[in-house]
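Subject: Structure for you to look at

Hi,

Here is the structure I promised. Please open it alongside this note, and read on for what turned up.

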Amino acid sequence: MYTHQRPSSTIHPRTLLLTTALPLAGWALHAIALHQRLAATKRDPLTGLLRRDTYTTRARRLLTRHGDDLAVLMVDADHFKAVNDTLGHAAGDAVLQAFGTRLTTWAGPRAAVGRLGGDEFALVLHLPAQHRTRRLQQLARMLHTPVTLHSGHSVDVAASIGVATPDTLGTRDLTTLQRAADAALYQGKHTGRPTHATHAHATTPSINGRRAGRPGTSAWGKAA
C-alpha cells in the first residue's frame, strides 16, 4: 500500500549557515559604514582637519603628556573675506583646503591640527625652544605662498600667527594658552610675522575661553 510522505522539513546545515550568515554580514557592513560615518564627523569635510571637539580632546592630551616642549598656535587667514567677495566661494574653499594641507604638513602626524571655524585654525605640536624661530619662520613662508586655483589662476594669500608656550606662560591649560595665542595673533595681525604670547596676553578678557571681541565669541558654546 502506497503511503504519501510529506517532504522533509529538515534544513541542510549549509543552507542554515548561509541563511544565518547573510543577515549577520549585512549588520557587519552596516556597522562598518556607521563607524566610518562617525569617524568622518571628527574631521572637517572641507579641509580634513580635526573638528573643534576632537581637536580639543587631542590637544589637551598632548599638553598633559608632553608639557613644556609643546607650542599652541592660533592661525587666521588674512583678507579672507576679500577672496570670497572678489573671486567667489570656490576660490575661498581652495584657499582653506591649501591652508589645511600646509598646516598638516608643517606640524607633522603627531600634532593636533584643527579648524575651529571659518578661516580660523589651531595647532598643538612639539616645538622645542631651540627650533621655534626657524620653524615658525618656515610656517609663515608656507602660509604666504600663493594658492593655485582649479582654474589655473593663483591668488595671493597671507596669515597671522599667534604662539603661546607652556614654558613661557607657566601653564599647560589649553584654554589659557589659546586665549594668549589668540591675543598675540591680533596684536601682530597683518605683520607677516608670528607673534609670541606673554603673560599680558594670557590675562586678556575672554568669552568662552577666547579673546573678548573676536567675531562670534558670544555665540560659542563649549570652550576649546
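In what order do the 5 strands of the open sheet lie? The order is 2-3-1-6-7, and the pairing is mixed. Bear in mind that this is a predicted model.

**The sheet**

Strand 2 (112–117) and strand 7 (195–196) are the edge strands. Each of them pairs on one side only. Strand 1 and strand 6 run antiparallel, joined by 6 bridges. Within strand 6, Ile161 stands opposite Val75.

Look at Leu116 too, which sits in strand 2. Is Leu116 buried or exposed? Leu116 counts as buried because its relative accessibility is 8%, and the cut-off for buried is under 20%. Met74 is 42 residues away from Leu116 in sequence. In space, their C-alpha atoms are 9.7 Å apart.

**Helices on the sheet**

Helix 2 (residues 52–66) lies across strand 1, strand 2 and strand 3. Its direction is at about 145° to strand 2. Helix 7 (residues 174–187) also packs on the sheet. Helix 7 touches strand 1, strand 3, strand 6 and strand 7. It makes an angle of about 45° with strand 1.

**Helix 3 against helix 4**

Next, a helix pair. Helix 3 covers residues 80–87 and helix 4 covers residues 89–107. Their axes come within 6 Å and cross at roughly 145°. Helix 3 brings Phe80, Val83, Asn84 and Leu87 to the contact. Helix 4 brings His89, Ala91, Gly92, Val95 and Leu96. By type, that is 6 nonpolar residues, 3 polar and no charged.

**The cores**

The largest nonpolar core has 33 residues. Which of them touch the most other members? They are Leu73, Trp106 and Leu123. Several elements each supply at least two residues of this core: strand 1 (70–77), helix 3, helix 4, strand 3 (120–126), helix 5 (129–143) and strand 6 (159–164). Helix 4 gives the largest share, 9 residues.

Leaving aside residues up to four places away in sequence, Leu73 touches Trp106, Phe121, Ala122, Leu123, Leu125, Leu136, Leu139, Ile161, Gly162 and Val163.

There is also a second, separate core of 22 residues. Among its members are Leu63, Ala112, Leu174 and Leu185.

Best wishes

Notes
Residues are numbered from 1 along each chain as its sequence is written. This is a predicted model: local features need pLDDT of at least 70, side-chain atom pairs count only at pLDDT 80 or more; totals for chains, interfaces and linings use all residues. Side-chain values use heavy atoms; hydrogens and water are left out. Axes are lines fitted to C-alpha atoms, for helices over the stretch in contact, and angles run from 0 to 180 degrees between N-to-C directions. Helices (H or I, at least four residues) and strands (E, at least two) are DSSP runs, numbered from the N terminus. Contact means heavy atoms within 4.5 Å. Ala, Val, Leu, Ile, Met, Phe, Trp, Tyr, Cys and Pro count as nonpolar, Asp, Glu, Lys and Arg as charged, and the others, Gly among them, as polar. A nonpolar core is a set of buried Ala, Val, Leu, Ile, Met, Phe, Trp, Tyr and Cys residues joined through side-chain atoms within 4.5 Å. Buried means under 20% relative accessible area, exposed over 50%, partly exposed in between (1.4 Å probe, protein chains only). Two strands pair if DSSP finds at least two bridges between them.
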